[in-house]
Each structure stands twice: as C-alpha cells, then as structure tokens.
Amino acid sequence: MEIKIIAFGSIAELTGKQITVQASDVDSLKVTLQELFPELADRKYAVAVNMKVIQGNLELKQNDTVALMPPYSGG
C-alpha cells in the first residue's frame with residue numbers, strides 16, 4: 001500500500017520533504033527508503049506513525065502518515 005512520508009531536517013535534504021512509497025510495515029519501509037536513498041543507511045532517525053514516535057516494527061495501514069525525524073537536542 002502507499003504510505004505518505006514527511007521528512008524533516010537533514011533527512012528532508014536527502015529525500016525531499018514529502019514522498020510516497022509502498023510498504024506494509026516500518027521495517028519494510030526502512031528497507032525501501034535505504035534502496036531509494038542509500039545515504040540513509042548511515043543516518044540515525046526517529047520514525048513517527050500518525051504523530052506517535054515508535055520503537056521497533058509496526059504494521060502500516062492505508063492513509064497512515066509516517067514522519068522521519070533526525071536526532072534532535074534540547075536547549
């Protein structure tokens with residue numbers, strides 16, 4: 001299924017701010033993104049699905065929105 005991805009910061013510089021890819025879960029999404037953007041393999045980034053940061057794998061559903069966020073620091 002098609003998943004809408006919104007990227008921020010240095011990740012957006014590599015991928016563009018918004019893209020759409022085919023993926024059934026977060027793990028397959030990461031694999032697809034690394035195939036499209038090999039530079040992502042060496043980067044750390046957080047993944048949020050529908051505005052909730054997730055850890056590990058999660059099944060994706062049609063119309064889910066995934067955000068890719070580079071590490072951030074407080075101040």
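This is a predicted model: local features need pLDDT of at least 70, side-chain atom pairs count only at pLDDT 80 or more; totals for chains, interfaces and linings use all residues.
Biologist: In which sense do β1 and β2 pair?

Modeller: Strands pair if DSSP finds at least two bridges between them, and these two share five. I3 stands opposite V21 in β2, and I6 has Q18 as its bridge partner. The sense of the β1 and β2 pairing is antiparallel.

Biologist: Which strands stand at the edges of the sheet?

Modeller: The sheet is open, with five strands in the order β2-β1-β5-β3-β4 and mixed pairing. Two strands have a single partner each, so one side of each is left without a neighbour in the sheet. These edge strands are β2 and β4.

Biologist: At about what angle does α2 run to β2?

Modeller: α2 lies across β1, β2, β3, β4 and β5. With axes fitted to C-alpha atoms, for helices over the stretch in contact, and angles taken from 0 to 180 degrees between N-to-C directions, α2 runs to β2 at about 115°.

Biologist: How many residues does the largest nonpolar core have?

Modeller: Such a core joins buried Ala, Val, Leu, Ile, Met, Phe, Trp, Tyr and Cys residues through side-chain atoms within 4.5 Å. Those with the most contacts inside this one include I5, L29, V47 and L68. β1, α1, β2, α2, β3 and β5 each supply at least two of its residues. The number of residues in the core is 20.

Biologist: Is T15 buried or exposed?

Modeller: T15 is in helix α1. Leaving aside neighbours within four places in sequence, T15 is in contact (heavy atoms within 4.5 Å) with A7, F37 and L40. Buried means under 20% relative accessible area, exposed over 50%, and partly exposed in between, with a 1.4 Å probe and protein chains only. At 8%, T15 is buried.

Biologist: With which side chain does the side chain of S10 make a polar contact?

Modeller: S10 is also placed in α1 and, at 26% relative accessibility, counts as partly exposed. Not counting residues up to four places away in sequence, S10 touches R43 and P70. A polar contact is a pair of N or O atoms within 3.5 Å, one able to donate a hydrogen and the other to accept it, with sequence-adjacent residues counted only if both atoms are side-chain atoms. At 3.3 Å, the partner of the S10 side chain is that of R43.

Key:
Residues are numbered from 1 along each chain as its sequence is written. Side-chain values use heavy atoms; hydrogens and water are left out. Helices (H or I, at least four residues) and strands (E, at least two) are DSSP runs, numbered from the N terminus.
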